[in-house]
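Q: I am new to this structure. Please show me how to read its features, one at a time.

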Amino acid sequence: MSDVLNNLALIKKRISAACEKSGRNPQEVKLLLATKTVSAEGIKVALEAGETLIGENKVQELKEKFDALIHTPHKKHFIGHLQTNKIKDILKCDVTCIESLDRYDLAEKLHQRLMYEQKKMDVFIQVNTSAEESKFGVSPEDAVELVKQVSQLESLHIKGLMTIGLFSAETEKVRQCFKLLKKLQLEIIQQNIPNVEMKELSMGMSNDLEAAIDEGATIVRVGTAIFGQRMYPDSYYWNENETK
Ligand SMILES: *Cc1c(COP(=O)(O)O)cnc(C)c1O
């Protein structure tokens with residue numbers, strides 16, 4: 001697990017170097033540990049080293065790790081595809097923000113359940129900026145409308161936007177995805193929609209966090225570069241025909 005600590009130190013350096021290069025304050029960029037498939041023990045190592053924010057893709061994994069992490073202070077975001085039949089479960093796991101809200105029917109069901117439990121939830125709207133069919137997210141054309149609709153559900157607080165950039169070694173193409181998310185953010189801010197905050201842009205992962213920071217990311221989500229290669233391909237987490 002000393003690998004995790006070394007890797008964390010390297011990621012921190014990459015983040016601060018990227019901030020310096022693009023003239024940004026490193027305080028503005030949070031690191032979210034993408035912990036899918038990582039054991040609770042592995043996550044603890046990072047949390048005990050001072051990290052504070054993790055993101056999970058599967059409700060099943062949230063539940064499995066919940067007890068083991070309960071005494072280690074941290075915040076949890078949900079960053080995976082959320083099925084409506086998992087809403088009750090996710091609300092039991094102390095998730096403070098769902099970053100992957102991408103459709104109104106999910107927002108409405110979430111709202112109903114939150115009302116029933118007298119709770120509130122932060123959400124980001126996930127946008128599909130790469131137009132790849134395998135990924136989730138509202139299309140860029142429909143994003144502003146979805147923000148307006150969700151803003152009317154008073155148990156949900158919209159805090160920003162999230163995207164998974166194009167999976168490509170061509171940095172320029174990946175960067176276009178991040179630019180698009182930034183553009184949408186500015187467009188939404190201009191519209192001054194009540195109950196909508198647009199401070200957060202969650203974008204950038206192990207391979208592309210520098211470009212994301214350059215384009216305005218406030219949260220980068222990093223898994224592989226900290227915890228090592230995963231056993232499953234990402235398509236397992238990002239495709240509709242998932243098994244879990
Ligand atoms: C896995 C995952 C990440 C982290 O990706 P890495 O390439 O492992 O850094 C970020 N965001 C989401 C939504 C993910 O599923």
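Q: Which residue forms a salt bridge with E215, and how far apart are the closest N and O atoms?

A: First, the ground rules. This is a predicted model, where local features need pLDDT of at least 70, side-chain atom pairs count only at pLDDT 80 or more, and totals for chains, interfaces and linings use all residues. Residues are numbered from 1 along each chain as its sequence is written, and side-chain values use heavy atoms, with hydrogens and water left out. Now the general idea: side chains of opposite charge can pair when their charged atoms come close. A salt bridge here is a side-chain nitrogen of Lys or Arg within 4 Å of a carboxyl oxygen of Asp or Glu. E215 forms one with K179, the closest N and O atoms being 3.3 Å apart. The pair links distant parts of the chain, 36 residues apart: E215 is in the loop between α8 and β8 (219-222), and K179 is in helix α7 (residues 171-191). Helices (H or I, at least four residues) and strands (E, at least two) are DSSP runs, numbered from the N terminus.

Q: Is E215 buried or exposed?

A: Read the relative accessible area: under 20% is buried, over 50% exposed, and in between partly exposed (1.4 Å probe, protein chains only). E215 is buried at 13%. K179 is partly exposed at 37%.

Q: How many salt bridges does a search of the whole structure find?

A: It finds 20. One of them joins R14 and E210, with the closest N and O atoms 2.8 Å apart. R14 lies in helix α1 (residues 2-21) and E210 in helix α8 (residues 209-214), so this pair ties together parts that are 196 residues apart in sequence. R14 is partly exposed, at 27%. E210 also counts as partly exposed, at 31%.

Q: Which residue pairs with D89 in a salt bridge?

A: K63 does, with the closest N and O atoms 3.3 Å apart. D89 lies in helix α4 (residues 87-91) and K63 in helix α3, so the pair ties together parts that are 26 residues apart in sequence. D89 counts as buried at 19%, while K63 is partly exposed at 39%.

Q: Which residues of helix α3 are buried?

A: In α3 (residues 59-69), they are V59, E61, L62, K65, F66 and L69. They cover an arc of only 145° around the axis, which puts them on the same side of α3. That arc is taken from the directions from the helix axis to the C-beta atoms. The face turned away from the buried side carries the exposed residues E64 and D67.

Q: Which residues come nearest to the ligand?

A: A residue is near a molecule if one of its heavy atoms lies within 4 Å of it. Of the 13 residues around the ligand, K36, N57, S206, T224 and R230 come nearest. A polar side-chain atom of N57 lies 2.8 Å from a ligand oxygen. For a side-chain N or O atom of S206, the distance to a ligand oxygen is 2.5 Å.

Notes. A polar contact is a pair of N or O atoms within 3.5 Å; within protein, one must be able to donate a hydrogen and the other to accept it, and residues adjacent in sequence count only if both atoms are side-chain atoms.
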